[in-house]
Amino acid sequence: MNLLTIIDQYLHEDVMIAFSGGVDSTLLLKMAVEASKRYHTHVYAVTIQTALHPVMEADEAKQIAEELGAIHKVIHVDELEGAGIENNPVDRCYLCKKYMFTKVKELAHSLGISTILEGTNADDLKQYRPGIKAIKELGLHSPLLEANMTKKEIRELAGTYDLKAANKPSSPCLATRFPYHTLLNYEEMRKVEKIEDYLHAYGFYNVRARIHNDLVRLEIDQDAFMKCMDYHQEIVLFIKELGYDYVTLDLEGFRSGSQDIKLEEK
């Protein structure tokens with residue numbers, strides 16, 4: 001069954017979409033709003049305001065949701081305390097998703113909505129994604145996964161709708177920048193956000209600043225290595241001024257989930 005047909009079957013009634021503003025949830029929202037017009041139903045886009053994601057993302061999500069014609073709602077959470085993930089446990093993603101999507105379900109219930117959609121895709125099954133278990137337990141629906149769509153296919157389809165998010169790089173939660181069993185705090189995560197924003201300002205696309213105590217391991221696309229060398233003095237100075245002693249460029253380049261290597265070996 002293709003994505004359009006899958007989404008269409010949900011929109012006979014009002015739905016809620018967990019909306020981050022990334023390409024996955026933006027494509028879902030666009031197609032859901034279009035389907036809702038056929039059935040005169042409503043689409044609620046719910047953004048979870050969290051300190052584990054870059055601050056600007058919530059503002060961008062609000063703007064996108066309103067432009068697409070959805071009813072935008074915001075839920076404010078403190079995952080470190082509420083989800084019990086201060087020590088960055090291996091099942092952090094499960095605990096966090098369970099906590100946040102329980103809040104989404106509570107909001108949906110208050111609005112009389114029984115169907116909640118979210119943006120897990122087929123590629124997510126190829127990596128360590130314990131949060132998927134929480135999504136299944138709570139009864140949320142994943143249309144992109146149902147359609148067996150990969151990230152590449154999602155970006156291509158989003159491009160046909162001229163969605164700005166089509167080429168937006170993925171931005172997982174900032175806790176992923178720290179090794180498991182590391183004490184998390186918002187001050188350190190804001191530093192990571194500053195580093196990655198700084199590198200994005202130079203035009204780097206995929207960027208991760210992985211923190212190992214006083215060392216920052218930078219992951220960028222391999223074809224951007226020479227450009228990084230052109231600005232290495234400025235980059236090193238910026239990062240050291242944030243309080244880190246060492247700055248390294250990971251020669252393997254950007255790769256999603258690099259902190260999960262030890263888990264994958266087990």
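Start by selecting Arg210, Arg217, Glu219, Asp250, Glu252 and Arg255: salt bridges link them in a network. A salt bridge here is a side-chain nitrogen of Lys or Arg within 4 Å of a carboxyl oxygen of Asp or Glu. Before you click further, know that this is a predicted model, where local features need pLDDT of at least 70 and side-chain atom pairs count only at pLDDT 80 or more, while totals for chains, interfaces and linings use all residues. Residues are numbered from 1 along each chain as its sequence is written, and side-chain values use heavy atoms, with hydrogens and water left out.

Is Glu252 buried or exposed? Glu252 counts as exposed, at 52% relative accessibility. (Buried means under 20% relative accessible area, exposed over 50%, and partly exposed in between, using a 1.4 Å probe and protein chains only.)

Select Glu193 and Arg190. Their closest N and O atoms are 2.7 Å apart, in a salt bridge. Both sit in helix H9 (residues 186–201), three residues apart, about one turn of the helix. Helices are DSSP runs of H or I with at least four residues, strands are runs of E with at least two, and both are numbered from the N terminus. Color this pair by accessibility: Glu193 is buried at 10%, whereas Arg190 is partly exposed at 22%.

Next, hop to Glu34 and Lys30, a salt bridge with its closest N and O atoms 3.5 Å apart. They are four residues apart in helix H2 (residues 23–39), which means about one helical turn separates them. Glu34 is partly exposed, with a relative accessible area of 29%.

Stay on H2 and look at its neighbors. Two packed helices are described by the angle between their axes and the distance between the axes. Axes are lines fitted to C-alpha atoms, for helices over the stretch in contact, and angles run from 0 to 180 degrees between N-to-C directions.

Show helix H1 (residues 3–10) together with H2: they pack at about 55 degrees, with axes 9 Å apart. That makes H1 oblique to H2. (Under 35 degrees is roughly parallel, over 145 roughly antiparallel, 65 to 115 roughly perpendicular, and the rest oblique.) To see where they touch (contact means heavy atoms within 4.5 Å), select Leu3, Leu4, Ile7 and Asp8 in H1, which meet H2 residues including Leu27, Met31 and Tyr39.

Then bring up helix H8 (residues 151–160), which packs against H2 at about 50 degrees, axes 10 Å apart. H2 and H8 are therefore oblique to each other. On the H2 side, Val23, Asp24, Leu27 and Met31 make the contact; on the H8 side, pick Lys151, Ile154, Arg155, Leu157 and Ala158.

For the last stop, find Ser142 in the loop between helix H6 (131–137) and helix H7 (143–146). Ser142 counts as buried, at 11% relative accessibility. Leaving out residues up to four places away in sequence, Ser142 touches Glu118, Thr120 and Ile135. Finally, draw a line from Ser142 to Asp162: they are 20 residues apart in sequence and 22 Å apart in space, C-alpha to C-alpha.
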